[in-house]
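Here are a few friendly notes to read alongside the model. Take the points in order, with the structure open beside you.

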Amino acid sequence: MTLPYAAAGGSVELRCILRADQPNPRSLPQLVVFACAIGLLVMLVVGLIYPRSPEIYWPATVAVAVGATAVLHLRNTRRLRARYDAKRLVLSPTGLTRIDAATIVEIPWNGLTGVCDAPVNVVADPPWWMSSRARTIGNAATAALRAETAVVLTGRGVVRPVPGASRRILAAQDQALGSRLQAGEPFHTPAATINAAEFEEHWRTGTIGAWVHRYRPDLRLG
């Protein structure tokens, strides 16, 4: 079987097709927590200066909270764009390798077990401004919005940290996986996952599906 777009070296690299400017309801909890925190701080400060002038501190509170939240949203969008730009999927005769700014997920063809449903965006990068309690509240609120799932490739594989990766992201990964990526240790798991839809919209009938059918014709992709 001829694999589409096969490179001379026998491998194919796919870039992430996600866009940072697409609406992302999962960022809403963080923005709400941030807006409330900034608004409360401004209201307390301005209220102490003008305790009998609600016509001053209420507009100031709203203006600063909205402005600061807009700036944060733009910052998060730039960070998300950089994260998407770093994502790529390498298909080779040895297996699948997903690479992003923080981790490398490797699943060999003989370890691939099929597909399964998994939550979208399981691990986020907690923002620097959040206290540990605020992060807990934000994560709980975000979890309530994670009803959407994606069909992902899964199997026996290994997750490795990228040198110099964000410690916040690695800490979140360690908490979710029970791993020690922050310490530089690879995490071997029977349930490694790769979201193929991040790299190809119709991946079952596209390049990714062709590689899977070539090396694991026994698997059904659904």
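**Notes for a new reader**

1. Let us begin with the surface. The protein chain exposes about 12500 Å², and carbon and sulfur atoms supply 60% of that area. Please keep in mind that this is a predicted model. Of the 222 residues in the protein chain, 42% are buried.

2. Next, the overall layout. The protein chain has 5 helices and 7 strands, and along the sequence they follow the pattern β-α-α-β-β-β-β-α-β-α-β-α. Among contacts with a separation of 6 or more, 74% are between residues 24 or more positions apart.

3. Leaving aside residues up to four places away in sequence, Leu-96 touches Leu-89, Val-90, Leu-91, Val-105, Glu-106, Ile-107, Trp-109, Leu-112, Leu-153 and Ile-194.

4. Strand S4 deserves a look from both sides. In a regular strand, side chains alternate between the two faces of the sheet.

5. What does S4 pair with? Strand S3 (residues 95–99) runs antiparallel to S4 and is joined to it by 5 bridges. S3 and S4 form a hairpin with 3 residues between them, and Gly-95 stands opposite Pro-108 in S4. S4 also pairs with S6 in the antiparallel sense, over 4 bridges; here Glu-106 stands opposite Val-158 in S6.

6. Is Lys-87 buried or exposed? With a relative accessible area of 6%, Lys-87 is buried. Lys-87 sits in the loop between H2 and S2, and its side chain makes a polar contact of 2.8 Å with the side chain of Glu-198. Not counting residues up to four places away in sequence, Lys-87 touches Leu-14, Arg-15, Cys-16, Leu-18, Arg-98, Ile-99, Asp-100, Glu-198 and Phe-199.

7. Finally, the aromatic rings. The structure holds 2 aromatic pairs. One of them is the stacked pair of Trp-109 and Tyr-215, at 5.2 Å centre to centre with 10 degrees between the planes. Because Trp-109 lies in the loop between S4 and strand S5 (112–119) while Tyr-215 belongs to helix H5, this pair ties together parts that are 106 residues apart in sequence.

8. In the pair of Trp-211 and Tyr-215, the ring centres are 5.9 Å apart and the planes are at 20 degrees, so this pair is stacked. Trp-211 and Tyr-215 both lie in helix H5, 4 residues apart, which is about one turn of the helix.

9. Tyr-215, with a relative accessible area of 27%, is partly exposed.

Conventions:
Residues numbered from 1 in each chain as written. Predicted model: local features only at pLDDT ≥ 70, side-chain atom pairs only at ≥ 80, totals over all residues. Heavy atoms only, no water. Contact = heavy atoms within 4.5 Å. Helix = DSSP H or I, 4+ residues; strand = E, 2+ residues; numbered from the N terminus. Buried < 20%, exposed > 50% of the residue type's maximum accessible area, 1.4 Å probe, protein only. Areas by Shrake-Rupley, 256 points an atom, 1.4 Å probe, with all protein chains shown as cover. Polar contact = N/O pair within 3.5 Å; in protein donor to acceptor, adjacent residues only side chain to side chain. Pairing = 2+ DSSP bridges. Phe/Tyr/Trp six-rings, centres within 6.5 Å; stacked < 30°, edge-to-face > 60°.
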